[in-house]
Amino acid sequence: MKSILKSKEMSIALIIVMLSIVLSFISPVFFTFENITDILKGNAVLGILAIGMTLVIITGGIDVSVAAVTTAVIVILGKILVFLPDSPISIVLMFIIAPLIGVILGALNGMLVSKIQIPAIVVTLGTMSMINGIILYITNGQYLNSTSFPKIFVKFANFEIFGISILIILFALISIGAWYLLKYTVIGREVLAIGGNKESSIRAGINFDKVQIFVYGFMGLLAGVAAIAQLSYTKAVDPNGLLGFEMQVIAAVVLGGANIMGGRGTIIGTFLGVLLLGIMQNGLILAHIDVFWQKVVVGAIILLAVTFDQIQYKRSKDKLAKIEVEA
Amino acid sequence: MKKLLGAILSVVLMVGLLAGCVSSNSGTTSKANGSENADKSGKLKIAVVPKLIGIPYFNASEKGAVQAGKDLGVDVIYTGPTEADAAQQVKVIEDLISQKVDVIAVAPNDQAALTPVLKKAKDAGIKVMDWDTPADQSVVDLSVHQIDDEAYGRHITKSLVEQMGTEKGEIAILTGGLSAANLNSWIDGAKKELEENYPGLKLVSDKIATDEKQPVAYQKTLDLIKSYPDLKGIMAFSTIAPLGAAQAIQEKGLQDKIAIIGANLPKDSIPFLEDGALDLAILWEPDKLGYLTVALAKDLAEGKMPQDGQEVKNVGKIEVWEDGKTVIMGPPTDFTKENAGNYDF
Amino acid sequence: MNILKGLSKESVLGLIALVLTIGMCIIAPGFLSQQNISNMLFQIPEFGLIALGMMVVIVTGGINLSITYSAALSGVAIAIMQSHGYSILISILVGLVVGLLCGFINGFIVSKIGVSAILVTLGTMTLFEGVILTITKGNSISGFSEAYSLIGNGYYMGLVPLSLLIFVIFAVLTAILMNKSKWGRNVYMLGSNPIATLFSGVNTNKVLMGVYLYSALLAAVASIIMTSRYNMAKVDLGSSYLLQSVSAAVLGGTDIQGGYGKVMGTIYAVIIFQVLSSGLNLLEVPRSIVGIIMGAILILVLILNFVKAKVDEKSQKKAQQETLVA
Amino acid sequence: MSKYILQMNHISKTFPGVKALDNVKLEIEPGEVHALIGENGAGKSTLIKILAGIYDADPGAEFYFEGREADIKKPIDATLKGISIIYQDLSLFPNLSVAENIFIGRDSNSNSLKKVNWKHIEEIAESALKELDVQIDLNLPVEKLSIAQQQLIEIARALAFEAKLIVMDEPTSSLSAGEVEKLYKVINNLKQKGISIIFVSHKLKELFTVSDRFTVLRDGKYVGTYESKELNEDKLINLMVGRQVLYEKNKGGIQIGQTVFEVKCLSKEGNFKDISFELKQGEVIGITGLMGSGRTELAQAIFGINTPVTGEIKINGESVTIKSSEDAVKKGIAYIPESRKTQGLILEQSIINNISLPVLKTLRNAFGLISRKKEVDLANHYIKTLDVRPALPNLKTGKMSGGNQQKVVIGKWLSTKPKLLIIDEPTNGIDIGAKTEIHKLLRKLASEGMGVIVISSELPEVLAVSDRIIVMRHGRIAGELAIEEATQENIMNYALLGSKVSKENKNQGKGKVIVESGVSM
């Protein structure tokens with residue numbers, strides 16, 4: 001229990017709490033059920049992608065093609081949805097097709113990273129540029145609204161349980177699922193293991209390539225789910241809607257305490273990272289901060305958070321390095 | 001040292017290779033322009049450069065431009081950067097100069113940024129005009145405006161007041177990007193109208209950027225509604241922002257409380273117009289603008305300047321300002337739930 | 001594969017650049033026209049400078065995501081100075097100082113506090129963007145003097161674009177600094193193994209700080225060329241170069257983990273990108289396809305490098321063991 | 001059933017161009033501790049890697065485990081059969097808990113989505129640790145443990161896998177004397193359970209303490225297998241290197257000159273306190289002590305890496321402040337760190353680049369740029385004087401043997417012409433031939449006027465090179481011994497107890513005494 005209090009998650013949780021207290025003083029609206037659910041709903045897509053990215057980053061990789069993959073799935077889904085009948089089967093079908101396409105694209109990244117051993121950032125930079133080009137070529141940026149989608153889709157998108165949107169539920173399910181995966185499944189432990197020590201993991205009989213393909217595939221899978229979420233959120237296909245989104249995803253993950261060199265990262269941390277970004281976006285308008293200053297504030301908070309975290313980390317390391325000196 | 005020398009040498013070689021090309025080819029280029037194009041197909045080459053390609057608005061313009069090309073028997077090259085970045089746009093234009101087109105019509109991402117390259121185009125004997133968004137007026141031969149910017153902004157303010165049904169209360173402005181010049185000039189027009197005629201309306205915040213993304217506009221609108229519970233109206237500039245804003249209104253069921261006027265395309269707005277979340281979309285018909293641009297470009301290449309009140313086929317009557325080169329396509333079109341279905345963009 | 005044996009990564013790339021250039025000369029109409037050549041020569045410098053600035057940072061095992069915004073910030077500073085009537089020289093100086101300040105912030109947090117570069121520059125990227133937005137309100141700033149526009153648009157001796165000359169000077173300077181100076185050597189060593197470098201009596205903090213300052217300097221120079229060429233400064237000035245510059249550096253053979261990277265390789269990569277982009281445009285290939293091809297080339301070249309490295313390694317092992325036996 | 005648990009016959013391994021193993025055999029009895037010994041490059045690690053399933057042996061090999069032909073293709077196959085390998089650099093996951101580290105690898109062949117049973121994992125880990133009779137919090141991440149504890153985790157992992165054969169590769173290289181004792185106990189314990197152990201080590205004395213039998217390899221060939229009682233250290237060394245190599249205790253009595261280096265009351269919180277000593281021209285000071293006694297911390301503080309410190313440092317009588325390693329080099333201090341591969345060398349870089357690194361400033365030409373010629377000359381000079389092999393200045397140092405790597409590091413620091421050379425564990429992981437060479441070199445440098453401080457945990461080494469020995473304990477100087485009075489015993493007494501117990505042994509300092517490769521800390 002003690003270790004939890006000292007963990008990285010704690011410091012970001014602290015920042016969130018402080019920010020929330022300040023914001024609720026400034027704006028009474030902040031701490032309302034409606035606002036909180038709006039924040040969660042608005043960041044569900046970010047959250048789902050960030051969770052996939054957490055696994056990738058734990059293994060020491062990175063995937064900058066997430067936004068492109070998600071958009072690709074959205075575009076394909078949009079094209080398919082038009083032909084689907086107005087029946088629940090369509091929703092089921094959507095939940096089969098979207099993750100499937102995502103997995104295929106993600107596994108492609110995984111294959112290149114593991115088999116050809118190209119650094120992940122480079123592979124995904126390449127696939128990002130290719131996928132973006134293909135999307136643009138095919139769609140020509142065509143915006144598609146929900147009028148042509150089956151009615152059931154709109155119903156699905158607006159679905160709520162006790163006032164909680166299906167998007168938040170989706171996000172929650174994914175979070176819990178990924179948490180379970182990391183904590184309670186063999187592959188999840190292997191993800192942490194190869195991030196912790198590549199050499200040892202091979203000696204321990206862990207199939208390094210398999211795990212890598214898995215994490216990128218899983219990232220793709222979540223990109224597929226995120227595509228459904230984004231589509232439900234905007235109820236429209238906007239091929240440009242996620243341009244540059246990968247940076248936010250990565251920012252959320254690293255803010256959540258995952259180590260970009262691998263080995264460290266938790267679902268709860270990432271969740272907090274997403275929350276922090278969401279609250280900042282939301283709070284700046286609520287706090288009536290001049291629009292032009294908003295980016296300055298966000299940048300400064302990111303710098304403060306990472307600096308603070310690093311100083312903490314150094315301190316704990318120094319403590320560990322101490323030896324007993326006779327008085 | 002050897003390696004460094006090698007490196008420098010190879011750079012020199014590379015440059016030399018290219019430079020060598022310069023001398024060997026400069027002869028042909030200088031004699032060229034009109035004749036060379038003519039002997040290929042005899043058709044005029046008209047390049048239409050949007051701010052970026054791959055967004056609905058400019059796709060709609062493309063349709064009109066291409067159609068005009070077919071109708072008028074000219075080659076239309078519709079190409080632009082993939083991001084609304086002035087630097088990229090300059091490169092596109094530079095490449096077009098290399099392609100030796102006859103006319104370049106550009107919707108500048110940044111007025112000042114394009115001035116040098118447009119001058120270069122002119123020096124190469126290419127006719128230069130702007131469309132959609134004004135370029136530096138000293139370099140263009142013709143300036144095609146869909147609309148008078150200030151009048152458009154004022155029109156949006158007036159329409160908002162009309163839809164709100166009151167001249168008192170809080171309103172907000174959403175915009176695509178803080179650095180979009182044409183959006184900014186419309187917003188300036190709208191603000192002028194507010195200041196001069198509607199002192200009762202209070203702008204709650206400076207223009208709010210939505211990054212040309214629907215989810216961002218949606219989120220920011222939600223935040224707006226929450227922080228300003230008395231908000232009565234929203235002006236949403238850019239083709240995407242109104243959709244996000246309307247979506248927020250729709251989902252919160254505030255159709256009757258908050259009026260939204262958007263500067264967007266009818267087809268995308270239909271669900272929101274029908275629902276009442278979006279009260280009015282005000283824009284022009286971008287395909288007509290594309291058509292008009294090409295039509296006037298052809299005339300320009302043939303040495304004809306437009307006349308005030310001139311009737312352009314498939315577009316309608318145009319207005320030409322006193323300077324003789326500023327063309328206004330016409331008044332904006334109000335898209336309502338009744339007529340929105342009639343348009344294919 | 002055997003043909004490539006013994007050639008360095010850079011030479012292979014140079015060969016690819018040459019083949020592409022020749023190919024384009026043959027298939028793309030007007031590729032050899034004076035106009036196109038001069039376009040390419042005008043377009044290379046700004047991108048080339050930013051790519052070099054990125055490369056230097058990647059050699060240390062870091063990355064500089066704030067490079068384009070620090071360039072934009074310098075540009076804005078120059079534009080503001082000029083529009084307030086200060087002389088070109090003073091404006092440029094102020095622009096350089098502003099750029100170096102950006103570099104200093106990155107360098108300080110990376111070297112002194114030890115935060116990983118990707119995090120720091122992610123933060124400063126947003127920060128610098130915000131600062132520019134706050135200053136400019138998102139508008140572009142222009143009002144440069146005629147003389148200033150010569151930097152980006154003028155010719156030296158009526159033939160070579162001035163900006164290209166500036167680029168070549170800085171490329172040579174970078175090559176000399178990286179390969180021949182004490183600092184440059186330390187940069188490579190630091191990129192290979194920062195701890196051993198520190199244990200060799202090298203002040204690694206200073207070296208890293210130098211890297212971020214130099215990266216910012218190159219960005220600032222690029223911004224001088226850009227502001228002059230585009231006659232304005234704005235928040236997104238050159239922002240599309242960010243990921244492209246990473247691609248160029250990596251395509252140029254720079255090891256993303258640090259320790260390796262050559263100026264020449266990066267320049268070849270920049271030339272490849274330029275030739276492809278101009279050539280494909282002349283061929284009227286849609287812009288979107290250009291992106292696809294660029295991505296594909298990046299991955300293909302890396303696969304080629306991978307295969308070549310495998311082959312080389314094998315033959316080297318053999319050779320080495322033969323000498324050991326003998 | 002044969003009497004051996006493991007039988008490897010006709011094992012050869014050919015790498016492209018070189019035969020690493022040539023018809024080697026290895027036979028292990030159940031419940032024995034078997035020492036596998038040979039110089040660096042003799043083929044020990046290749047043999048172990050074949051056993052571990054990392055390499056395939058050349059065709060014709062016979063490989064039986066528990067009387068059955070063993071088909072080991074992947075590391076995990078070996079583990080599952082009951083062969084556990086504990087590598088020198090350990091195979092742990094710093095970010096994972098103790099329990100998980102003990103358990104890991106068992107599930108790797110099962111369905112990836114199978115549920116991890118934490119209770120089961122903890123039970124197994126707990127019982128394994130119990131067998132070893134150690135208590136470590138199961139939920140602690142391994143990175144928070146000491147090296148000794150980590151080693152125990154490795155052994156516990158082997159036990160959890162019900163290993164019948166455990167290979168320990170240099171298990172004591174980073175353990176303190178007390179911890180080594182504990183390890184011996186654990187090994188005895190395992191032995192009693194009938195578990196066989198293959199023990200790989202350079203420390204001969206240690207091997208005689210624990211091993212029942214020895215298998216000696218030389219140059220990839222099998223030399224023989226011997227009972228422990230048939231051998232003594234001389235014989236063993238003979239078998240290993242084919243010639244007699246002995247450490248000779250330093251005679252002392254050299255001419256000493258002025259004080260070249262002095263520290264006064266040097267302290268750093270949590271590292272060391274009130275350290276004062278002087279180093280005279282011509283002498284070599286040996287600093288020794290247990291792991292965690294603060295000796296490396298002290299050296300790194302003097303070198304400006306472990307700063308800030310309080311107290312005074314004087315070079316040639318002049319007081320200096322050293323805030324960084326850069327300062328230290330400027331003031332004429334050189335430090336050769338204990339970890340050659342991470343701190344001493346840049347493995348991806350060439351010999352030239354490594355040697356020239358600290359002296360780049362002096363290699364500049366008229367334009368202030370690095371002169372390639374000067375650089376190559378410098379590298380070649382040290383390659384020649386130190387007999388670095390292979391003598392290829394452009395070779396990446398990562399591709400060289402340990403001894404030659406160490407020579408490159410020494411060359412790098414000699415190039416700075418230091419007034420003071422501190423060398424930490426100078427011969428760690430280096431074969432005996434190269435060790436004596438390095439010792440001779442250190443003596444020679446001192447006699448030429450350089451101040452030399454040798455930090456080592458190998459007492460024979462300390463005794464062989466030093467003129468004066470400083471023993472540290474818990475961050476303080478526990479005692480100082482002139483070489484004439486120093487013995488392994490009284491050094492140990494200082495290191496362990498903080499006082500000299502001087503009974504007999506007085507005359508051991510005199511005359512030519514052969515110091516066995518023995519006790520180390």
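A salt bridge is taken here as a side-chain nitrogen of Lys or Arg within 4 Å of a carboxyl oxygen of Asp or Glu, and on that criterion the structure, which is a predicted model, holds 44 salt bridges over all chains. One of them is formed by B:Glu251 and A:Lys41, whose closest N and O atoms are 3.2 Å apart. Because B:Glu251 belongs to helix H8 (residues 241-252) of chain B and A:Lys41 to helix H3 (residues 33-42) of chain A, this pair joins two chains. B:Glu251 counts as partly exposed, at 26% relative accessibility, whereas A:Lys41 is buried, with a relative accessible area of 13%. Residues of chains A and B also occur together in a network of salt bridges that links A:Glu34, A:Asp38, B:Asp223, B:Lys226 and B:Lys252.

Within chain B, a salt bridge is formed by B:Asp206 and B:Lys191, with the closest N and O atoms 3.6 Å apart. This pair links distant parts of the chain, 15 residues apart, with B:Asp206 in the loop between strand S7 (201-203) and strand S8 (208-209) and B:Lys191 in helix H6 (residues 181-197). B:Asp206 is partly exposed at 29% relative accessibility, and B:Lys191 is partly exposed at 21%.

In chain D, the side chains of D:Lys25 and D:Glu27 meet in a salt bridge (4.0 Å, N to O); D:Lys25 is partly exposed, with a relative accessible area of 30%, while D:Glu27 is buried, at 15%. D:Glu27 is also among the residues touched by D:His34, as are D:Leu26, D:Ile28 and D:Phe199. D:His34 itself lies in strand S3 (residues 33-37) of chain D and counts as buried, at 0% relative accessibility.

Between chain A and chain C, about 3,400 Å² is buried, 83% of it on carbon and sulfur atoms, and the contact takes 40 residues from chain A and 43 residues from chain C. One salt bridge is counted between these chains, in which the side chains of C:Glu129 and A:Lys295 meet (3.1 Å, N to O). The elements giving two or more residues to the side of chain A that touches chain C are helices H6 (88-115), H7 (120-139), H13 (245-255) and H15 (291-321) of chain A, with H15 giving the most, 14 residues. The residues on this side of chain A divide into 27 nonpolar, eight polar and five charged.

The largest nonpolar core has 351 residues, and those with the most contacts inside it are B:Ile104 and B:Phe237. The residues touched by B:Phe237 include B:Ile156, B:Leu183, B:Trp186 and B:Ala263. Apart from this core lies another, of 65 residues, among them D:Leu279, D:Val284, D:Ile430 and D:Val465.

Key
Residues numbered from 1 in each chain as written. Chains lettered and ligands numbered in written order. Predicted model: local features only at pLDDT ≥ 70, side-chain atom pairs only at ≥ 80, totals over all residues. Heavy atoms only, no water. Helix = DSSP H or I, 4+ residues; strand = E, 2+ residues; numbered from the N terminus. Buried < 20%, exposed > 50% of the residue type's maximum accessible area, 1.4 Å probe, protein only. Contact = heavy atoms within 4.5 Å. Buried area = accessible area lost by both parts, 1.4 Å probe. Nonpolar A, V, L, I, M, F, W, Y, C, P; charged D, E, K, R; others polar. Core = buried A, V, L, I, M, F, W, Y, C linked by side-chain atoms within 4.5 Å. Lists of a residue's contacts leave out its neighbours within four places in sequence.
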